[in-house]
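We'll take a walk through it together, one region at a time.

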Amino acid sequence: MRLNHLDFHVPDITATADFFIRHFGLTLRDMRGQNGLAILADDAGLEIVLSHAIAKFGTADQVELQHQTYHIGFILPERADVDRVHVGLVAAGAVLSGSPAAMRGGWLFYCTAPGNILVEVGWRPG
């Protein structure tokens with residue numbers, strides 16, 4: 001069994017999709033409607049779906065909640081890749097936790113993607 005997809009509720013699908021495409025190399029598989037739903041994919045087959053919260057299901061996005069209730073993590077093949085992604089995020093003015101640092105046996109940092117999604121970016125020695 002493998003994880004097939006994750007669906008994140010965000011208020012601005014285009015901005016969040018652009019962030020993941022630009023900084024994490026995901027590709028846009030499908031954009032439905034104007035800012036209606038985006039399907040992104042990584043090179044390992046995982047899909048990230050970006051959609052609006054559906055009120056009839058009692059859901060809300062993390063911007064509306066004003067809390068980060070989860071985080072996602074990207075693991076990179078080399079420590080230098082973490083530093084490279086960090087530099088790109090700094091240049092883009094992203095919200096960052098700080099510089100990459102040694103934590104929990106790896107080299108990592110956190111940033112916040114549009115939609116108030118907390119993202120861990122790290123490397124761990126093999």
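What follows is a tour of some strands, a pocket and a group of aromatic rings.

A word on the ground rules: this is a predicted model, where local features need pLDDT of at least 70, side-chain atom pairs count only at pLDDT 80 or more, and totals for chains, interfaces and linings use all residues. Residues are numbered from 1 along each chain as its sequence is written, and side-chain values use heavy atoms, with hydrogens and water left out.

Let's start with strand β8, which covers residues 106–113. Helices and strands here are DSSP runs numbered from the N terminus, with helices being H or I of at least four residues and strands being E of at least two. Seven of the eight residues in β8 are buried, so the strand is largely enclosed by the rest of the structure. Buried means under 20% relative accessible area, exposed means over 50%, and partly exposed is in between, using a 1.4 Å probe and protein chains only.

Which strands does β8 pair with? Strands pair if DSSP finds at least two bridges between them. Strand β6 (residues 95–96) runs antiparallel to β8 and is joined to it by two bridges; L96 has C111 in β8 as its bridge partner. Strand β7 (residues 101–103) is also antiparallel to β8, with three bridges joining them, and M103 stands opposite G106. Then there's strand β9 (residues 117–123), antiparallel to β8 and joined to it by seven bridges. Here A113 is partnered with I117. While you're looking at the strands, keep in mind that in a regular strand the side chains alternate between the two faces of the sheet.

β7 and β8 make a hairpin with two residues between them. R104 sits in that loop and has a positive phi of about 45°, although it is not a glycine. That's worth a glance, because most residues other than glycine have a negative phi. With a relative accessible area of 55%, R104 is exposed. β8 and β9 form a hairpin as well, this one with three residues between them, and G115 in the turn has a positive phi of about 100°. N116 is found in the loop between β8 and β9 and has a positive phi of about 65° despite not being a glycine. N116 counts as partly exposed, at 22% relative accessibility.

Leaving aside its neighbours within four places in sequence, H23 is in contact (heavy atoms within 4.5 Å) with V85, G88, L89 and A92.

How many aromatic pairs does a search of the whole structure find? There are six, where rings of Phe, Tyr and Trp (its six-membered ring) pair if their centres lie within 6.5 Å; planes under 30 degrees apart count as stacked, over 60 as edge-to-face and the rest as tilted. One of the pairs is F19 with F20, which is edge-to-face at 5.8 Å centre to centre and 85° between the planes. F20 also pairs with F74, this time tilted, at 6.2 Å centre to centre and 55° between the planes. That pair links distant parts of the chain, with F20 in helix α1 and F74 in strand β5, 54 residues apart. F19 is buried, with a relative accessible area of 9%; F20 is buried at 0%, and F74 is buried at 18%. Together, F19, F20, F24 and F74 form one aromatic cluster.

Last stop, the largest pocket, with about 320 Å³ of space. Of the 17 residues that line it, the closest to its centre are F24, L26, D42, D43 and F74. On a 1 Å grid over the protein atoms alone, a pocket is an open set of points where a 1.4 Å probe fits, with protein on both sides within 12 Å along at least five of seven lines; lining residues have an atom within 4 Å of a point.

Notes: Grid points are joined across faces, edges and corners, and a volume is the space filled by probe spheres set on the points.
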